[in-house]
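Subject: Structure handed over, with notes

Hello,

Here is the structure for your files. My notes on it follow below.

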Amino acid sequence: MKRLMFILRHLTIDKLKWERYKFLVNHNPRKVLDKIWEREFGYTVDWNNPRDLNEKIEWLICYGDTSKWPLLADKYRVREYVKQKGLGHLLPQLYGVWDDAKKIDFSKLPKRFILKCNHDCGSYQIINKNKGFDQIKVVEELNKHLKQKFGYRYCEPHYNRIKPLIIAEEFLESTQDSFSFSLVDYKVWCFDGKPYHIWTYYNRDHNGTDMNVYDLNWQVYPEYSIFTDYYRNGEGKVPKPALLDEMLNASSILSKGIPQARIDFYIVDNKLYFGEITLTCTGGRMKNYTKEYLIELGNQVKIHK
């Protein structure tokens, strides 16, 4: 009996801690972020004078105008925003949207497509009917993700204001370029409508990714990055895209009025595709850039105290 009471007491304490944590993420994220930063970096954000890009992202989470963030971060509703900006032609084809994976009629979907939740990261399922797939497992996994509040994971409260849904989209397949076995992910960092650099991910799989920073003239700058076994130096192998100007123009349009944003694109068969808009990259705790370059990027973010 004593052991049972001990277990129940600790379960109650853990539940109370979790409820308090959730309340703080939604209503006082600064308190949570201070603890995270102390643990990860050994210091806390200078809230009165944030300098680098990470610090300014955290400041925006706590004090910025985030009213549009749930729309922009929503992988389904952001399509409305892209269309409103006159860029609907960049969107991958949408096959369906559901609030429960059990409602998906797989027989009405094409041979290849991608399923993913609109409110999180990493829930995607690539479906290839020709190879076969475990439909029961796919449904279970997607419904599990639907129930999760992604904003609590990294203290990004705007994700908690997104209505969770599942979408089926056109699968964008790699053209098997000689320099990359995966689709190249072009991530354009923008500051209030001004593209600043393109962060490329390629040769990407579960073991990691090659990456590099390119400027707007497609000069590569490996010295801006911190490479690891997972985030590898791609050695500037991605050739300048023929659609670079179109990509930069679309980035400018989509990021206008937003202090900082990462706009992601893909190119397949000489056609540009919109990927997503990310407002809190790595929760505002990126470790892929050098401290000096993070400060340079932070200088581009205009915040209004």
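**The second largest pocket**

Helix H3 (53-63), helix H4 (69-73) and strand E6 (194-205) each give at least two residues to the lining of the second largest pocket. Please keep in mind that this is a predicted model. The space in that pocket is about 610 Å³. Its lining is made up of 25 residues, and those nearest the centre are Asp192, Lys256, Gly257, Ile258 and Pro259. Sorted by class, the lining holds 13 nonpolar, 7 charged and 5 polar residues.

**Cysteines**

How many disulfides are there? The count is 0. A disulfide would need two cysteine sulfur atoms within 2.5 Å. For Cys121 the closest cysteine sulfur is that of Cys281, and at 9.7 Å it is too far for a bond. For Cys190 the closest cysteine sulfur is also in Cys281, at 13 Å, and again this is too far for a bond.

**Helix H2**

Helix H2 covers residues 29-41. Its 13 residues should span 18 Å at 1.5 Å a residue, and the C-alpha atoms at its ends are 17 Å apart, which agrees. The expected figure counts one less than the number of residues. Pro29, Val32, Leu33, Ile36 and Trp37 are buried in H2. Looking down the axis of H2, these buried residues fall within an arc of 130°, so they line one face of the helix. The face turned away from that buried side carries Lys35 and Arg39, which are exposed.

Arg39, in helix H2, has a relative accessibility of 62% and therefore counts as exposed. Arg39 and Ser178 are 139 residues apart along the chain, and their C-alpha atoms are separated by 42 Å. Just after H2 comes Gly42, with a positive phi of about 85°.

Helix H6 (residues 135-146) has 12 residues, which at 1.5 Å a residue should span 16 Å; the end C-alpha atoms are 16 Å apart, which agrees. Which residues of H6 are buried? They are Val138, Val139, Leu142, Asn143, His145 and Leu146. Down the axis of H6 the buried residues fall within an arc of 155°, so they line one face of the helix. Ile136 and Glu140, on the other side of H6, are exposed.

The buried residues here are Leu244, Met247, Leu248, Ala250, Ser251, Leu254 and Ser255. Seen down the axis of H7, they fall within an arc of 165°, so they too line one face of the helix.

**Loop residues**

Most residues other than glycine have a negative phi.

- Trp218 is not a glycine, yet it has a positive phi of about 65°. Trp218 sits in the loop between strand E7 (208-214) and strand E8 (231-233). Is Trp218 buried or exposed? With a relative accessible area of 9%, Trp218 is buried, because buried means under 20%.
- Asp269, also a residue other than glycine, has a positive phi near 50°. Asp269 belongs to the loop between strand E9 (261-268) and strand E10 (271-278). At 66% relative accessibility Asp269 counts as exposed, since the cut-off for exposed is over 50%.

One further loop position is Gln93, between helix H5 (78-84) and strand E1 (94-98). Gln93 is partly exposed, with a relative accessible area of 46%. Gln93 and Phe113 are 20 residues apart in sequence, and the distance between them in space is 9.7 Å, C-alpha to C-alpha.

Regards

Notes. Residues numbered from 1 in each chain as written. Predicted model: local features only at pLDDT ≥ 70, side-chain atom pairs only at ≥ 80, totals over all residues. Heavy atoms only, no water. 1 Å grid on protein atoms, 1.4 Å probe; cavity = no way out; pocket = protein on both sides within 12 Å on 5 of 7 lines; lining within 4 Å. Points joined across faces, edges and corners; volume = space filled by probe spheres on them. Helix = DSSP H or I, 4+ residues; strand = E, 2+ residues; numbered from the N terminus. Nonpolar A, V, L, I, M, F, W, Y, C, P; charged D, E, K, R; others polar. Buried < 20%, exposed > 50% of the residue type's maximum accessible area, 1.4 Å probe, protein only. Arc of directions from axis to C-beta.
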